[in-house]
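I opened the notebook with the model on screen and kept a list of what to look up. The entries follow in the order in which I worked.

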Amino acid sequence: MAYKKRKRRHKTKWNYKRIVIASTGLAVLVIALTVVISISGKDKSKDSSYNSGIVADAAQNQSDKDNNLNTIPQKTNADDKQDNTNAVSNDNVNTPTQNVNPTNQAENNDMTSKTSKGYSITEVDGITYVDGVLIANKTYALPADYNPGAVDGEVMEAFSVMQNAAAREGLNIYISSGFRSYETQNRLYNNYVAKDGKAEADRYSARAGHSEHQTGLCFDLNSIDDSFAATPEGEWVAKHAWEYGFIIRYPKGKEDVTGYMYESWHLRYLGKELAKKVYDSGLCLEEYYGITSQYE
């Protein structure tokens, strides 16, 4: 009997331990579930805040976009017309130095007029542009301080291409006179006046400020005299200069319009498209634009 009682007490003790272990495990499980639920709730809250932030940002971006639409001036038909006019000018002219600045042009609307053919004449800082092309002749002068310092880089690049093309045909063309400052032209002109008189000098030399050489967009080729026109080089230039963006600025038979006698050696850069248009028209630049070239 004693042995059996001891065995029952041992079994009771063993059942008690199992209950304690089970209870402890259940408590741990409850705690674990509580922690998981808590963490899940925080993550959900975090995700909710993040999504709310995205929505808020999107709303703000849309608001900013709407505000921009209200503050940025919208293009009108007048603007479209102006854009088309500028596009034509840009197509015609490839040289940066001869383009009128659109901003300056807008600021100088009171200084804009029209030629007899309807092209705009705009003066910016004392420099005259016709349809965006810099003009220097007897009517339109350059300021004394206008001094690019050399023939324009793009002009020189175009000449180099033309020179190489002529060389491939066994011809030699070269620049004899390029850029001239106001002071240099003034000295040359006065020397010619002293030699031949003012009326004769005005036929072949420009007064200071009226010379295209001051623009840096022109040059004289080879011999700089009447004999050049009859040379193989002169004949080739007359036929092909336009292909490289140049025109003979003072054509034969146009002295009463340009104000200068025929100069087969004097080339002016306009860019390929405009040069072709002027060449195809058979007109000098004054006739093409409908402008004058006369000293006051």
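How many helices and strands does the protein chain have? I counted 10 helices and eight strands in the protein chain, where helices (H or I, at least four residues) and strands (E, at least two) are DSSP runs, numbered from the N terminus.

Before going on I noted that this is a predicted model, in which local features need pLDDT of at least 70 and side-chain atom pairs count only at pLDDT 80 or more, while totals for chains, interfaces and linings use all residues. Residues are numbered from 1 along each chain as its sequence is written, and side-chain values use heavy atoms, with hydrogens and water left out.

**Entry: the chain overall**

I looked up burial, where buried means under 20% relative accessible area, exposed over 50% and partly exposed in between (1.4 Å probe, protein chains only), and found that buried residues make up 35% of the 296 residues in the protein chain. The accessible surface of the protein chain comes to about 17700 Å², by the Shrake-Rupley method with a 1.4 Å probe, and for residues only the protein chains shown count as cover; carbon and sulfur atoms hold 54% of that surface. For contacts, meaning heavy atoms within 4.5 Å, I noted that among those in the protein chain with a separation of 6 or more, 68% join residues 24 or more positions apart.

**Entry: the four-stranded sheet**

I then followed an open sheet of four strands, whose order is β1-β2-β3-β4 and whose pairing is antiparallel; two strands pair if DSSP finds at least two bridges between them. Because β1 (112-114) and β4 (133-134) stand at the edges with a single partner strand each, one side of each is left without a neighbour in the sheet. Three bridges join β1 to β2 (residues 120-124) in the antiparallel sense, and I found I121 in β2 as the bridge partner of S113.

Strand β6 (218-221) pairs with β5 (residues 175-177) in the antiparallel sense over two bridges, and S177 has D220 in β6 as its bridge partner.

Which way do the residues of β6 point? I saw C218 and D220 pointing one way and F219 and L221 the other way, and all are buried. In a regular strand the side chains alternate between the two faces of the sheet. I also noted that seven of the seven residues of β8 are buried, so β8 is largely enclosed by the rest of the structure.

**Entry: positive phi**

Most residues other than glycine have a negative phi. D131 lies in the loop between β3 (127-130) and β4, and it counts as buried at 9% relative accessibility. N222, also not a glycine, has a positive phi of about 50°; its place is the loop between β6 and α7 (232-240), where N222 counts as buried at 11% relative accessibility.

**Entry: aromatic rings and charges**

I found 10 aromatic pairs in the structure, taking rings of Phe, Tyr and Trp (its six-membered ring) as paired if their centres lie within 6.5 Å, with planes under 30 degrees apart counted as stacked, over 60 as edge-to-face and the rest as tilted. One of these is the edge-to-face pair of Y119 and Y289, at 4.9 Å centre to centre and 85° between the planes. Since Y119 lies in the loop between β1 and β2 and Y289 in helix α10 (residues 285-289), the pair ties together parts that are 170 residues apart in sequence. Y119 counts as partly exposed at 23% relative accessibility, whereas Y289 is buried with a relative accessible area of 1%.

The rings of W242 and Y279 are stacked, because their centres are 5.4 Å apart and their planes are at 20°. Y279 counts as partly exposed at 40% relative accessibility. One aromatic cluster is formed by F159, F219, F246 and Y269.

Last, I looked for charges over rings (NZ of Lys or CZ of Arg within 6 Å of the ring centre and within 35 degrees of the ring normal). The charged end of K138 sits over the ring of Y260, 4.7 Å from its centre, and R207 lies over the face of Y295, at 3.8 Å from the ring centre.
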